[in-house]
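Subject: Structure handover

Hello,

Here is the structure for your files. My notes on it follow below.

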Amino acid sequence: PNILSLSSTQFVKFTKITFQSTSITSLVHGIVITGNSAYDSIVDCKLLMAIQGSYGNYSINANPLNSNNIGLVFKNNLIQGSYYGIYWFGTSNSNRPYNTVFDGNTIQSAYYSPFTYLYNTLNTRFTNNIVNLNGNNAYNYSYFHFNDSLLFANNVISTGTTVVYPRWELGGNSNQVKIFNNSFNHASPAGNGYLPYLYNTTGYSGFEVKNNIFSCTGAGFATIWSLMPNATMSDNNLYYSATGTVLISGAANLATWRTSCNCDKHSISYRPGYTSNTNLVPNVADSAVWALNGHGTFLPQVPTDINSISRPAGVTAGVPDLGAYEFTPTSIPPVAIASGAPTAGVTQTFRFGSDSVASITWDAFSTPPPFVHIRQYGGKKPLYLGNPLITPNSDNYMYFYDSIYAPSGSYSYYAQLYYHQEWMGNITNEGNLGIVQKTSPNSSPWTLLSTTGVDSNMNYLTGDFITGFGWMTGTDVSNPLPVKLININAHAISNAIKVNWTTASEINSSYFVVERSVNGKSFVKAGTVKANGNSSKMISYTYNDAEGKALLAKGTVYYRLAIYDKDGSREYSKVVAVDESSGKDLSAEVFPNPFNDQVVVNVVNPNGGNINISVIDINGKELYNANFANSNNILNLESIPAGIYFVKVSNNDVVKVVKLIKN
């Protein structure tokens with residue numbers, strides 16, 4: 001006899017029951033559904049059957065079903081063994097069951113296929129299931145055909161090494177099939193796997209394939225399509241084939257596939273970083289999971305992952321991950337692949353898994369670094385936004401940032417940083433995007449590039465005449481903080497420590513508090529300086545701290561600014577350090593660099609007296625010359641053309657030269 005038969009039952013619920021059959025000598029089914037059964041549910045149960053190799057039994061046999069079979073639910077069950085697994089078959093496309101739910105089940109160890117047929121259904125939800133194609137038969141075929149309004153989402157489907165020819169056909173002869181956030185992997189070292197076979201038949205509409213992982217760590221394709229999809233059908237997926245020469249449906253790689261179908265524009269091709277070939281939970285310590293993290297798009301049909309963890313529902317909340325699981329990496333991303341080596345006047349492109357990360361055009365008139373490494377933190381909020389120096393403030397950030405590293409040196413380059421539309425974060429006007437930069441991920445402030453913009457059609461940020469590396473992300477350039485600080489520095493003079501800073505603009509600024517510390521962590525008030533209030537021009541400020549000079553004999557002294565607006569809001573500057581060696585040699589710094597109209601030349605002059613500042617072009621022609629006594633000296637260079645210049649600072653026989661770029 002069968003283990004359980006439901007014949008024209010209604011509203012019957014089985015929960016936390018173990019159904020078991022050990023028979024391998026007769027045709028014994030597990031659960032059989034016949035007649036007009038409706039609204040029955042089997043929840044938190046175990047259906048344990050012996051694996052049969054010859055009798056052709058089913059773990060669940062529902063054939064034929066009809067339009068009276070409504071709302072049948074299988075949820076959070078372990079369904080194991082048998083020959084064929086689940087057989088769910090409607091009488092015809094006009095007389096079929098609807099509102100069936102298969103959710104949260106683990107389905108495994110059938111001889112031929114753990115889920116053989118889903119045919120002739122309407123509004124079926126096959127969600128959050130773990131299906132292991134790990135039976136004893138080399139062939140393992142599953143067919144999902146004639147299923148209108150099928151949601152196939154958050155499922156984990158994998159093979160062991162024994163299943164040589166898995167074939168999971170999805171969507172044949174069906175309208176409105178949604179295949180979202182599933183994790184697939186075919187691990188067999190031999191044969192070809194169609195896992196899945198995306199069966200988008202002609203004449204049917206609403207076929208969508210998004211946020212999935214299609215992986216073959218054995219031999220075979222990542223996936224195959226019966227017909228070439230279009231741009232609306234397939235996007236934001238990951239494709240991976242470890243050994244095959246074909247990635248998708250005859251295309252050797254993702255670039256070829258994109259050209260063929262004009263689809264999968266935002267998809268990626270990279271190793272998915274699973275825990276193992278049969279455990280498809282992302283290994284958060286594996287750098288490869290950055291190909292999954294934050295690469296999804298927003299799908300209201302999938303509000304949570306397989307573990308009921310909420311997925312971000314819109315750009316301000318974050319970015320969904322690919323596959324069945326939401327997670328947070330603990331690793332750092334892989335280095336993006338560069339096209340060639342840095343070369344003066346040449347553009348390098350950088351890609352991660354066939355996805356554009358950045359391009360850098362090196363200055364034609366200077367020597368580039370020997371190499372540059374770029375890592376993209378896609379879908380992740382930039383670090384330490386609550387304590388910026390310029391922008392972004394806490395309301396103006398994107399969900400991505402790039403780490404750009406090169407050996408120490410003085411370089412100049414133009415950059416394009418690519419972003420996904422899903423990474424917009426709290427930016428409400430895409431046309432206002434620009435690049436901010438910081439030198440240290442943990443403490444230094446974000447600084448807005450002086451020449452920056454966006455191409456919102458191609459989805460990349462632009463930055464010109466960039467001289468430093470570090471960390472970069474995007475912000476709204478039209479909404480800065482009330483005070484735009486260009487620089488802060490400090491050095492010892494005869495009877496005090498001199499703290500200098502310059503603002504490029506001020507909006508309703510009130511005052512600055514100069515704060516001092518002897519350990520770089522605990523700060524006290526050293527003094528207060530009144531702010532200008534409102535200005536669009538550069539203004540330099542100075543504060544002499546006599547008490548700080550006395551502390552200098554005991555060790556390093558640290559300074560920062562607390563910048564107060566008239567509404568009482570406050571932001572902090574970066575921290576600068578002063579030690580016994582500070583201010584003993586002539587030094588010069590130029591801010592901003594590159595610049596537009598004005599620059600600040602900050603000079604430490606231990607010898608006293610006036611200093612001479614001149615600006616010279618690359619041909620040696622002097623364009624500017626003046627004597628100064630102040631530490632922070634503002635030069636108006638509006639009249640000189642864009643280009644590369646040199647600032648020469650001299651005091652008696654001591655000379656310092658700094659390279660300067662005008663936008």
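Glu547 and Arg516 meet through their side chains in a salt bridge, 3.7 Å from N to O (a side-chain nitrogen of Lys or Arg within 4 Å of a carboxyl oxygen of Asp or Glu). Glu547 sits in helix 2 (residues 546–552) and Arg516 in strand 42 (residues 509–517), so the pair ties together parts that are 31 residues apart in sequence. Helices (H or I, at least four residues) and strands (E, at least two) are DSSP runs, numbered from the N terminus. Arg516 is buried at 6% relative accessible area; buried means under 20%, exposed over 50%, and partly exposed in between (1.4 Å probe, protein chains only).

This is a predicted model, in which local features need pLDDT of at least 70 and side-chain atom pairs count only at pLDDT 80 or more, while totals for chains, interfaces and linings use all residues. Residues are numbered from 1 along each chain as its sequence is written, and side-chain values use heavy atoms, with hydrogens and water left out.

The structure holds 11 salt bridges. Another of them joins Lys659 to Asp363, with the closest N and O atoms 3.8 Å apart. That pair links distant parts of the chain, 296 residues apart: Lys659 is in strand 55, and Asp363 is in the loop between strand 31 (355–362) and strand 32 (373–378). Lys659 is partly exposed at 24% relative accessible area, whereas Asp363 is buried at 14%. Arg311 and Glu326 also form a salt bridge, at 2.6 Å between the closest N and O atoms, and both residues are buried. Lys178, Glu208 and Lys210 are linked in a network of salt bridges.

Grid points are joined across faces, edges and corners, and a volume is the space filled by probe spheres set on the points.

There is one cavity of 30 Å³ or more, and the largest cavity has a volume of about 40 Å³. Its lining includes Ile31, Lys46, Phe74 and Asn77. Strand 6 (46–49) and strand 9 (78–80) each supply at least two residues of that lining.

The second largest pocket has a volume of about 310 Å³. It is lined by 13 residues, of which Lys265, Asp355, Ser356, Tyr418 and Met458 lie nearest its centre.

Regards

Notes
On a 1 Å grid over the protein atoms alone, a cavity is a set of points where a 1.4 Å probe fits but cannot get out, and a pocket is an open set with protein on both sides within 12 Å along at least five of seven lines; lining residues have an atom within 4 Å of a point.
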